[in-house]
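Hi everyone, thanks for coming. I'll walk you through one structure today, going from the whole chain down to single residues. Have a look at it while I talk.

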Amino acid sequence: MPQRTTTILRLNALGIEDALAASASPGSLLLEVSDAEAFGPATLAGLKVLAAGSPALVDRHPAAARAQVRNLEGKVLIPAMVNAHTHLDLTHIGPRPFDRASGFMGFVQTVREHRHSDAGAIEASVLEGAARLLAGGVVAVGDIAGAVKGKPSDAAHRSLAKTPLWGVSFVEYFAIGAMERAACDWIEQFAGDFDNAETPPGSRLRVGLQPHAPNTVSPAMYAMGVDLARRRGWPLMTHLSETAEELEFVGQGLGPQRAFLERMGLWEDRILEDIGRGRTPVGHVGAILDAARFAAVHVNYATDTDIETLALTETPVVYCPRASIYFEVDQQFGPHRYGDMMRAGIPVALGTDSVINLPGGKVDWAAPWREAITKRAGVVKGASEDTDGQATAMSVLDEMRTLYRRDALDGAVVLGMGTMDGARALGLDPLAFTFKRGASIAGVVAIEVDQKRWAAEHWRNIDRIMLGSERPELLYIGK
Ligand SMILES: [Zn+2]
């Protein structure tokens, strides 16, 4: 075993903020840093919090006297963030405007047409997405490893495991109607192959399963996923109650989703044994949520009973605010009920969903990360070659800012959604996304704030972060 190299590091900043209790201006963070190595613009290392808060408080720690000091003037420290739901293997498609005329089914068609099936191309897309996460101050992800030619595939998982990202790569499957039998074999085969494959050493990434959604996976095939995941300790995620098309299909057995299945030759009348019974999507999968812990993504439509079901089954929700805006779902369902969910005790995490529904950017923030990631992954071909040339950051900070400004949320609450609740949704330790004394943490982010524009005393640093547009700088990534 090589000797662990440990140093004490002190960061002095304009302020420090997390979702627990660390809120100080000015603020300092005292870390025990072990086995540090350079990774792009950041340092990759074991990170243990010794003290966090006001400089006077940090001074009192016995190790403070021998700390190396780094000053970050004009910047506020926050924990590294969690993007709890995205599709990195779609990054090469780039941002696209929503076509209202073709609706959600038109979007599905775009994804089907442009999804890669070649492992090298999938890897390039996933690594590009990973670079954009790190550029957005995100170190943990709930990524969906899309099916390849309809079959579950761990190509995206294998690519993502080469990056320093934490989190879960949820392998997605579709299984309804005429494809159920084949899907069953494919899922079994995937699980068997995966059991025999080697996990890359040092990876913080786990594999999980994602039955796609209630309109594409039958209850029996959800149950199969639950069974497989339970035997292996894999986490589970599913899209749930996302669109009006899903609501109509599950409740009435009608609409564009049924037409789609008929067109694909997948419709069978026995599907009506499960759907078309007036249930909401959450009601439809209630027993499944009770049988295993899922993270439910979107939940754009939720009745009071649905919220009760999610609370009783301890199902965390991943809300993707900008995706909901992009698909104009609030015009059909009204405002998202994440506030009611939180009041019912449901953790609500944040996700960006895929790059397709995000706005394009002008500055290529991801460039230094792209280089570091491709080098580490040993990829010769630049990960950016297939991409849109726009530097769309995939940061939950932009989701937080959207909610803070639209709904006048408390800054610390919204920071919790993008850090601790994200960890809860992915089965990670929430304390790894705080500055709690003694915690081994997943990373440190600095954000410059405009002190002149928001000078008044009532603007706390957390408010200045949420009101501003400065990009997050990922300084440290936890090993
Ligand atoms: Zn999704």
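**A walk through the model**

Let me start with how two parts of this protein meet: nine residues of domain 1 are in contact with eight residues of domain 2. Before we go further, keep in mind that this is a predicted model.

So where are those two domains? The domain assignment puts domain 1 at 6-79 + 431-478, and domain 2 at 82-357. Notice that domain 1 is written as two stretches of the chain, 6-79 and 431-478. Taken over C-alpha atoms, the domain centres sit 34 Å apart.

Back to the contact between them. On the side of domain 1 that touches domain 2, two elements give two or more residues: strand S14 (443-448) and strand S15 (473-478). And what kinds of residues are on that side, by class? You'll find eight nonpolar, one polar and no charged residues there.

Okay, let's zoom out for a minute. How many helices and strands does the protein have? There are 19 helices and 15 strands. The C-alpha trace spans about 75 × 50 × 40 Å along its principal axes. The radius of gyration is 22 Å, close to the 23 Å that the globule rule gives for 479 residues, so the protein is as compact as a globular protein of that length. Buried residues make up 53% of the 479. And if you take the contacts between residues at least 6 apart in sequence, 78% of them join residues at least 24 apart.

Now for some helix pairs. Two packed helices are described by the angle between their axes and the distance between the axes.

Pair one is helix H5 (residues 180-196) with helix H6 (residues 219-232). Their axes come within 11 Å and cross at roughly 10°. Angles under 35 degrees count as roughly parallel, and H5 and H6 are therefore roughly parallel to each other. Who does the touching? From H5 we have Glu180, Ala183, Cys184, Ile187 and Ala191, and they meet Met221, Met224 and Leu228 in H6. Sorted by class, that contact has seven nonpolar residues, no polar ones and one charged.

Pair two is helix H7 (residues 244-252) with helix H8 (residues 256-263). Here the axes come within 7 Å, and the crossing angle is roughly 75°. That makes H7 roughly perpendicular to H8. The contact uses Glu245, Glu246 and Phe249 of H7, along with Pro256, Gln257 and Arg258 of H8. The class count for this one is two nonpolar, one polar and three charged residues.

Which of its residues are buried? They are Pro256, Gln257, Arg258 and Leu261. These buried residues pack against helix H2 (103-114) as well as H7. Just after H8 comes Gly265, with a positive phi of about 75°.

Next, some single residues in loops. Phe433 sits in the loop between helix H18 (420-426) and S14. Is Phe433 buried or exposed? It's buried, because it has 33 other C-beta atoms within 10 Å, and 20 or more is the cut-off for that. Leaving out residues up to four places away in sequence, Phe433 touches Pro79, Ala80, Val82, Thr419, Met420, Ala423 and Ala442.

Ala366 is in the loop between strand S13 (348-350) and helix H15 (367-377). Ala366 is also buried, with 28 other C-beta atoms within 10 Å. Its C-alpha atom is 30 Å from that of Ala408, which is 42 residues away along the chain.

Last stop: some backbone details. The peptide bond from Ser25 to Pro26 is cis, with omega near -5°, and Pro26 lies in the loop between strand S2 (23-24) and strand S3 (27-39).

In strand S3 you'll also find Asp35, which has a positive phi of about 50° although it is not a glycine. Asp35 counts as partly exposed, with 13 other C-beta atoms within 10 Å.

Glu314 has a positive phi too, about 55°, and it is not a glycine either. Look for Glu314 in the loop between helix H11 (304-312) and strand S12 (317-319). With 14 C-beta neighbours inside 10 Å, Glu314 is partly exposed.

Terms used: Residues are numbered from 1 along each chain as its sequence is written. This is a predicted model: local features need pLDDT of at least 70, side-chain atom pairs count only at pLDDT 80 or more; totals for chains, interfaces and linings use all residues. Axes are lines fitted to C-alpha atoms, for helices over the stretch in contact, and angles run from 0 to 180 degrees between N-to-C directions. Helices (H or I, at least four residues) and strands (E, at least two) are DSSP runs, numbered from the N terminus. Angles under 35 degrees count as roughly parallel, over 145 as roughly antiparallel, 65 to 115 as roughly perpendicular and the rest as oblique. Two residues are in contact if their C-beta atoms, placed from the backbone, lie within 7 Å. Ala, Val, Leu, Ile, Met, Phe, Trp, Tyr, Cys and Pro count as nonpolar, Asp, Glu, Lys and Arg as charged, and the others, Gly among them, as polar. Domain bounds come from an automatic or database domain assignment. A residue is buried if 20 or more other C-beta atoms lie within 10 Å of its own, exposed if 12 or fewer, and partly exposed in between; C-beta atoms are placed from the backbone. The radius of gyration is taken over C-alpha atoms; the globule rule is 2.2 Å times the number of residues to the power 0.38.
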